[in-house]
Amino acid sequence: RFQINVRTCSSVSTPRITTHYTIHPRDKDPRWEAVEMERFADEADVVIVGGGPAGLSAAIRLKQLANEHQKELRVCVVEKAPQIGAHTLSGACLELSALNELLPDWKERGAPLKTPVTEDVFSILTEKHRIPVPILPGLPMRNHGNYIVRLGNFVRWLGEQAEELGVELYPGYAAAEVLFHEDGSVKGIATNDVGIAKDGSPKDVFERGMELHAKVTLFGEGCHGHLAKQLYKQFNLRENCDPQTYAIGLKELWVIDEKKWRPGRTEHSVGWPLNRHSYGGSFLYHLNEGEPLVALGFVVGLDYSNPYLSPFKEFQRWKHHPFVASTLEGGQRIAYGARALNEGGFQSIPKLTFPGGLLIGCSPGFMNVPKIKGTHTAMKSGILAAEAVFPKVTAENPDSETAGLHVPEYGENLKNSWVWKELYSVRNIRPSFHNPLGLYGGMIYTGIFYWILRGKEPWTLRHQGMDAHHLKPAKDCTPIEYPKPDGKISFDLLSSVALSGTNHEGDQPPHLTLKDDSVPVAKNLAVYDGPEQRFCPAGVYEYVPVETGDGMRLQINAQNCVHCKTCDIKDPSQNINWVVPEGGGGPAYNGM
């Protein structure tokens, strides 16, 4: 009885943070009793969730096939960003294999690929020095033949190609819910409701989302998609694979002094400022787009153990390395953003098909980790999905046991494609870093087994569990002293977020929902010293004193969220569930 009372008191004294209907259902809320909840429904042949490289490649390929076979086919793409490409962020150094297959005449069509790679530089950094590492032919970091691109611009161009073929694009509409037929197969998706106040009540302008039904729905939400998370559980898609592991990538665009500009040069590094047991590295790409522009970024594996580590501050510190600072001095930072990326590779690929739908792109995770490239594999997965789906959705009498068509052929086709061979060959590189030598052991492994055997070793190393479970309690770790930003090369978090163009309608329930509002203070702050304050690259989470002066509470600044999903991945309590905000909200990356 005493325990029950204590628990009741603590839950009563926890300030209410989460007001979202996914946690507090509206059917139990008297404020919603008289509200009309009917949704308009529309029918398509194929619905695609996510207007990124995978989703748009699938849409383009479907329409190409429809034109070749003179078939009518309605393909709809829903995208949460207000414009196609506005939420896209990547390095990016693009391998052309999938683009050449999909649109071989991309040059004539004006694709925004302007910077072929002319020079590759790879370094191990110590605090003050740099150890050059030769990039031998056949090593994953060799980039000759690739193009340095601003992926957001490339995705916008892909959107234009899709529209020309008759694909219906719906930017500004976030897919909030998976719909199911009575037999359990996927029926389609519903877009998000709009016009809900911050306290979870309906506003005068409340509008129900709409339903989009399809014969098959393709889920291409990008890394750690929130609908894919539900599908994994619903259809047990992850029972035969390792947990997915992730990294966070932070990126800036700079205009630099023209004398320091080397168009076509790619630079990568590992080592400082991370210790040898924290996986990560950097990139610095010199773009050739009419002005002396460089894209630079820092990637930190989210399996790090010290809760005091801040990926953002590691990135800012890295820029002060003499080898990097010499490029940036006298330059001006013009954009900032962040996004999680999949690092599980081959071992973490789930089952890809289920009745009524399939997973494409970075949602299931096809990134080649040592190459830090996933756009070409994402695009190829979209192409293969379209080729498997097309005959089924256009058949007069589709042979299917469920109302939503099941297309297992897609999984088979992927296993027979170059995507599978490529991911299989590099499968052991990322997990090889879990050794007493850390980074250096991993590099030795890569040099011996990958370069000599090309991934043909007869074993497959396993990943070591979920990233969220790697954090150690704060009492077992040393706080990290980060230098103050100088405002010239390194910057604070809030001025960085301002450069991401992030904006959300302020009066809406926070889309960063907590399954239990009492957990952050009771567990995350008490045991791990509130790591969400440090792993979030946008200042969304902060612990502030309770107004009465006794203790702390978690404040969620949801309007800052850049949709990177890191909190959903790294929260040690797995209490944060990222759901979509009102469509159109989020970062406004101008060609990141």
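A salt bridge is a side-chain nitrogen of Lys or Arg within 4 Å of a carboxyl oxygen of Asp or Glu. The model shown in these views is predicted, so local features need pLDDT of at least 70 and side-chain atom pairs count only at pLDDT 80 or more, while totals for chains, interfaces and linings use all residues. Residues are numbered from 1 along each chain as its sequence is written, and side-chain values use heavy atoms, with hydrogens and water left out.

View 1. Domain 1 comprises 40-112 + 149-244 + 343-427, and domain 2 comprises 467-578; the bounds come from an automatic or database domain assignment. Their centres, taken over C-alpha atoms, are 30 Å apart. Each domain brings 12 residues to the contact, where contact means heavy atoms within 4.5 Å. About 1000 Å² is buried between the two domains, 49% of it on carbon and sulfur atoms; buried area is the accessible area (1.4 Å probe) that two parts lose on being put together, summed over both.

View 2. Three salt bridges are counted between domain 1 and domain 2. D507 forms a salt bridge with K203, with 4.0 Å between the closest N and O atoms.

View 3. Helices (H or I, at least four residues) and strands (E, at least two) are DSSP runs, numbered from the N terminus. In α10 (residues 418-425), V419, W420, E422, L423 and S425 are buried, that is, under 20% relative accessible area, against over 50% for exposed and in between for partly exposed (1.4 Å probe, protein chains only). These buried residues pack against α8 (375-394), α9 (409-415) and α11 (439-453). At the N-terminal end, S417 caps α10, with a side-chain oxygen 3.2 Å from the backbone nitrogen of V419.

**View 4. I334 in strand β20.** I334 lies in β20, residues 332-342, and counts as partly exposed because its relative accessibility is 35%. Leaving aside residues up to four places away in sequence, I334 touches L253, W254, V255, L293 and L499. L293 is 41 residues from I334 in sequence, with 9.7 Å from C-alpha to C-alpha.

Technical notes: A polar contact is a pair of N or O atoms within 3.5 Å; within protein, one must be able to donate a hydrogen and the other to accept it, and residues adjacent in sequence count only if both atoms are side-chain atoms.
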